[in-house]
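Reader: Hi! Could you walk me through this model in plain words?
Author: Happy to, let's look at it together.

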Amino acid sequence: MQIKQHIPNAITLLNLSSGLLAIIAIFKGYYDEAFIFVCLGIFFDFWDGFFARKFKVSGELGLQLDSLADVITSGVVPGLMMFKLLLDIQEDDSSRYYLTEDFYYMGFVPYLGFIITLASAYRLAKFNIDTRQTDSFIGLPTPANALFIMSIPMIQFDGTHEWLVNALFNPFVLLGISLVSAYMLNAEIPLFSLKIKTFGWAHNKLQFSFLALSLVLLLFFGFTALPVIILSYVALSVINNMFWVKK
């Protein structure tokens, strides 16, 4: 039995392992480490599919394993992150927001962060049976959404933009982000795929241009750029769809 046919699944398991390490980091309060592990998981998520296609060993096992890994790294982890962010506000005695268990139902607010996990799991299940999503995505991909959610604590503790930090410490803003996140994951909005099947410029102009833009934004604005990058991804996809229809 050839070793190369096991390489993609081994990389997928590294994605899953990264998600598990991110969960442990969140429970310990190491949000920066959790962010790094999610980024690492997304990195592995890119390469498992690439090598599966390269070695021509794509199969049902790899597809299911990939989804299971994504449920953890890009579904459970961001949901847990939102839960912890809301819980931190609830447990902060100096917080001006009434999220304590003594205030009627507000003690349940942190659990609403898991709306992200539920929406991610639904999206991944739908993705597996949706034949329209072979070369592009419909709705925000779970890795992109995970990066968006995981950037929130990084922006909070970076503290570069005080108004943004204050907004992200507002539980109602975080709940709004959770709901918008859940909607975007399953919205009927065609988005271009970020997975590169070949390294040729002709077939990947949009992907390479977007990656270059993302790199520039990250270099100049740091973690604050991540929400902008996600919004740019959606905007470029909409513009690309309009251009394609006209063409």
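Author: A term to start with: buried means under 20% relative accessible area, exposed means over 50%, and partly exposed is in between, with a 1.4 Å probe and protein chains only. This is a predicted model, where local features need pLDDT of at least 70, side-chain atom pairs count only at pLDDT 80 or more, and totals for chains, interfaces and linings use all residues. Residues are numbered from 1 along each chain as its sequence is written, and side-chain values use heavy atoms, with hydrogens and water left out.

Reader: Thanks! Is Met82 buried or exposed?
Author: Met82 is buried, as its relative accessible area is 0%. You'll find Met82 in helix 3. Helices (H or I, at least four residues) and strands (E, at least two) are DSSP runs, numbered from the N terminus.

Reader: Which residue is 67 positions away from Met82 along the chain, with its C-alpha 7.3 Å off?
Author: That is Ile149, whose C-alpha atom is separated from that of Met82 by 7.3 Å.

Reader: How do helix 3 and helix 5 sit relative to each other?
Author: They are roughly parallel. Their axes come within 9 Å and cross at roughly 30°, with helix 5 covering residues 142–158. Axes here are lines fitted to C-alpha atoms, for helices over the stretch in contact, and angles run from 0 to 180 degrees between N-to-C directions. Under 35 degrees counts as roughly parallel, over 145 as roughly antiparallel, 65 to 115 as roughly perpendicular, and the rest as oblique.

Reader: And what about helix 3 with helix 7?
Author: Helix 3 (residues 60–91) packs with helix 7 (residues 171–186) at about 165°, their axes 10 Å apart. That angle makes helix 3 roughly antiparallel to helix 7.

Reader: Changing topic, what's the overall make-up of the chain?
Author: The protein chain has 9 helices and 2 strands, in the order α-α-α-α-β-α-α-α-β-α-α along the sequence. Buried residues account for 46% of its 247 residues.

Reader: Where is Tyr111?
Author: Tyr111 is in the loop between helix 3 and helix 4 (115–129). Tyr111 is exposed, with a relative accessible area of 51%. Leu80 is 31 residues from Tyr111 in sequence, and their C-alpha atoms are 8.8 Å apart in space.

Reader: Last one: where does Phe220 sit, and is it buried or exposed?
Author: Phe220 lies in helix 8, which spans residues 205–221. Phe220 is exposed, with a relative accessible area of 66%.
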